[in-house]
Structure formats: structure tokens, C-alpha cells
Amino acid sequence: MELSDIRALRLALHDCPEPSGQEDRTRAMLMKFLSSHTTLELHPCGAGFYAAHREPGGGKSPIALRADYDALALPEGGAAHLCGHDGHAAALCGTALSIQGEALGRDVFFLFQPAEETGAGALDCLELFRRERVAQVYGAHNLPGVPLGQVLTRPGTFACASQGVTLSLLGRPTHAAYPEHGLSPAQAVGRLLCALPALADPSRFGGMALCTVIGVEMGGRSFGAAAAQAQVRLTLRAELDRDLETLHSDILQLAGSLAAEYGLAFSCQVQDVFPATVNDPGCAQRVLDCCCGGLLDAPMRWSEDFGHYLRLCPGAFFGIGAGEGCPPLHTAGYQYPDALLEPTVAAFRALLN
């Protein structure tokens with residue numbers, strides 16, 4: 001493997017950021033790189049693709065390695081690689097190059113997945129597990145604030161389940177001088193917001209649970225019209241899928257009862273749904289043993305759609321340190337460090353050997 005080629009690929013990906021669901025140029029760039037540098041078979045897989053290394057008879061348990069490649073959509077429009085998916089994809093390409101011409105004694109599938117940021121990409125790519133014989137699946141994410149190259153994982157939940165929820169309340173408009181003639185959602189919204197901390201109290205659940213208020217919009221800008229509609233946007237998060245379901249159900253029940261009490265119409269929309277990323281204990285131990293890994297004390301609060309794969313196939317997700325001085329993910333100062341490419345390739349290779 002020529003590390004300079006992988007660094008050049010990472011930079012090219014960084015300069016071509018595409019948001020979830022729009023990664024056409026990124027996918028084409030990755031496929032062109034692999035077809036030019038390897039003899040791996042390339043196959044479409046949902047909106048992504050996979051590269052297959054096959055050996056006679058399949059050998060030992062076939063392994064899949066996964067990387068995401070979408071960029072983070074920006075509030076002002078456009079996208080930027082502020083989560084390191086450019087580095088994830090480049091490192092997986094580097095792993096593919098590193099096994100070129102080698103006999104590993106097993107089939108290996110390199111899965112390149114779009115749309116991780118919205119939680120939609122993995123669902124499409126489950127096609128790999130229906131099409132190929134995969135015994136274990138592994139993936140990794142860079143971790144700013146952790147020493148460069150240090151591998152961290154844990155059995156059980158590695159990353160929390162989460163979902164975005166939009167609660168809509170609709171009343172009846174009226175002139176601001178005659179509020180008694182209308183139906184305002186203001187009191188219902190106020191009571192709902194005050195009740196949320198108790199509903200998300202961790203003592204009610206088997207693990208961490210969290211309800212974060214993302215935004216509240218109510219009424220308009222005219223001082224002559226009383227508020228008649230409101231939207232409350234929340235992100236729900238929990239260590240366990242069943243706890244997330246309970247939290248979601250309790251919030252919907254409360255919002256619905258408040259709406260009925262005040263005569264309001266109520267609806268709910270759910271988006272950006274991520275299951276908990278629950279590592280198989282044996283596969284997590286394999287990461288710890290093969291990669292000289294350390295044990296995480298608690299799950300990561302952020303979410304990762306890799307959990308969809310782990311519902312179908314034993315495997316493990318792990319973090320790999322991006323450096324103690326590396327800026328946090330999803331911030332303007334973040335950029336995937338090229339020095340992390342080689343340790344990530346080495347970690348993946350250790351799992352294949």
C-alpha cells in the first residue's frame with residue numbers, strides 16, 4: 001500500500017463534500033480508485049457499493065468491513081466533511097489495497113455506505129447480507145480527544161439509539177385583542193416543555209436516556225394575530241432501543257393529552273432514526289485482543305446507523321483516537337487527521353489476519 005495514494009484520495013474526498021443522499025461524485029471517485037488500484041470485484045449495494053475479495057472455498061468466516069462517505073449538511077447550505085467520513089472511506093480503501101495479492105484464508109467484503117448522517121444509508125446496504133455469506137461485520141469511527149490510534153470499544157451498546165421528533169399543535173387563529181375567541185397552543189407547549197425532564201429521568205430506564213429540545217416555533221411575526229400553531233422539535237436518545245421506544249411513547253401520550261385538554265389538533269413526525277449500536281460480546285473482545293484496544297466505560301451518546309448491520313449479523317463497532325488536540329466532530333475547526341489513516345488500516349488488517 002502506498003500511503004501517499006491514500007492521503008491524496010482523502011484530500012480529494014475532502015474537497016468533494018456531498019450531503020447524505022447526494023454522494024454521486026464521491027461514490028464514483030471511490031469506485032474509480034479501487035478499480036484502478038485493485039482487482040477486487042465491485043458491486044452496487046443500495047445507494048452504495050461493496051468490493052469483494054474472494055478466495056477458493058471461502059475459507060474461514062467471511063468478514064465485512066464498513067466505511068461511510070457522506071459529508072455533513074450545513075445549515076447555510078452545502079456540506080463539509082466535519083465528521084471524518086472522508087478519512088473513513090480512504091482508510092477502508094487503504095485496507096483494500098493492503099491485501100492486494102494476498103491469501104487471507106477468508107472472503108472479505110469492503111462496504112462503502114452513503115447517508116450515515118441521516119441514518120438512512122445502512123438500511124439500503126443491508127442488501128450485502130442477503131447477497132453474500134457474511135459471518136462478522138466491523139466498522140470504526142475516529143474519536144477526537146483520544147490519543148492518536150488508540151482503539152476503544154465495549155461489549156453491548158457502543159453508541160446510543162436516537163430519533164428526531166417533531167410535535168405539531170394546531171389551534172384556532174384570532175385577533176390578538178380577542179385571544180378568548182381563538183385556541184392558542186402556548187399553555188400546552190409550556191407545560192410540555194416543563195414536563196420533559198421528568199419523562200427522561202434516567203432512573204426510569206435501564207440505561208442513559210435523554211430528551212434534548214432542538215427548537216420551538218409558535219405563531220408568527222404579526223403582533224395583531226394570536227398564536228394558533230406550534231412545533232416542538234426534540235431529539236430523543238437512549239442506551240437501549242426499548243428505552244427509546246418507551247420515552248417516545250410517553251412523550252407522545254403527554255403531548256396528545258395536552259392537545260386534547262386545550263382543544264388542539266396534534267400530529268407527530270419522526271426522522272433521523274438510529275437504532276442502538278449493540279456489539280456482539282465475542283466480536284468486541286476480538287477488537288480488544290487484535291487491536292490492543294481499551295474498554296469504554298459507557299456508551300457514546302452520539303448515534304451511528306451501523307446498528308442496523310448488528311441486528312442482522314454479529315460484529316462490533318469501535319472508535320479510534322484522532323488525537324488529544326483534534327477539534328470535536330461537527331465543528332468548523334475539525335478535519336480528519338491524515339496521521340490516523342495508517343493506524344486505522346492497521347486495525348482493520350489485524351481483524352482480517
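This is a predicted model: local features need pLDDT of at least 70, side-chain atom pairs count only at pLDDT 80 or more; totals for chains, interfaces and linings use all residues.
## Surface and overall build

Buried residues account for 53% of the 353 residues in the chain.

The chain holds 10 helices and 16 strands. Take the contacts between residues at least 6 apart in sequence: 79% of them join residues at least 24 apart.

## Charges

Counting side chains, you get 24 positive and 37 negative ones. The centres of these two sets lie 3 Å apart.

Side chains of opposite charge can pair when their charged atoms come close. Searching the whole structure turns up 15 salt bridges. A few of them are worth a walk-through.

Arg-10 makes a salt bridge with Asp-86, and their closest N and O atoms are 3.0 Å apart. Arg-10 sits in helix H1 (residues 3-14) and Asp-86 in helix H3 (residues 85-98), so this pair ties together parts of the chain that are 76 residues apart in sequence.

Are these two partners buried or exposed? Arg-10 is buried, and Asp-86 is buried too.

Next up is the salt bridge between the side chains of Glu-18 and Arg-25, at 3.3 Å from N to O. Glu-18 has a relative accessible area of 6%, so it counts as buried. Arg-25 has a relative accessible area of 52%, which puts this residue in the exposed class, where the cut-off is over 50%.

## Linking two helices: Arg-311 and Asp-241

The side chains of Arg-311 and Asp-241 also meet in a salt bridge, again given as N to O, at 3.3 Å. Which helices does the pair link? Arg-311 belongs to helix H9 (residues 307-312) and Asp-241 to helix H7 (residues 241-261), and the two residues are 70 apart, so to speak, in distant parts of the chain.

On accessibility, Arg-311 is exposed, with a relative accessible area of 54%. Asp-241 comes in at 22% relative accessibility and counts as partly exposed, because buried would need a value under 20%.

Which residues do salt bridges with shared partners join into one network? Arg-66, Asp-68, Glu-304 and Asp-305 are the ones.

Notes. Residues are numbered from 1 along each chain as its sequence is written. Side-chain values use heavy atoms; hydrogens and water are left out. Helices (H or I, at least four residues) and strands (E, at least two) are DSSP runs, numbered from the N terminus. Buried means under 20% relative accessible area, exposed over 50%, partly exposed in between (1.4 Å probe, protein chains only). Contact means heavy atoms within 4.5 Å. Lys and Arg count as positive and Asp and Glu as negative; His and the chain ends are not counted. The place of a charge is taken as NZ of Lys, CZ of Arg, CG of Asp or CD of Glu. A salt bridge is a side-chain nitrogen of Lys or Arg within 4 Å of a carboxyl oxygen of Asp or Glu.
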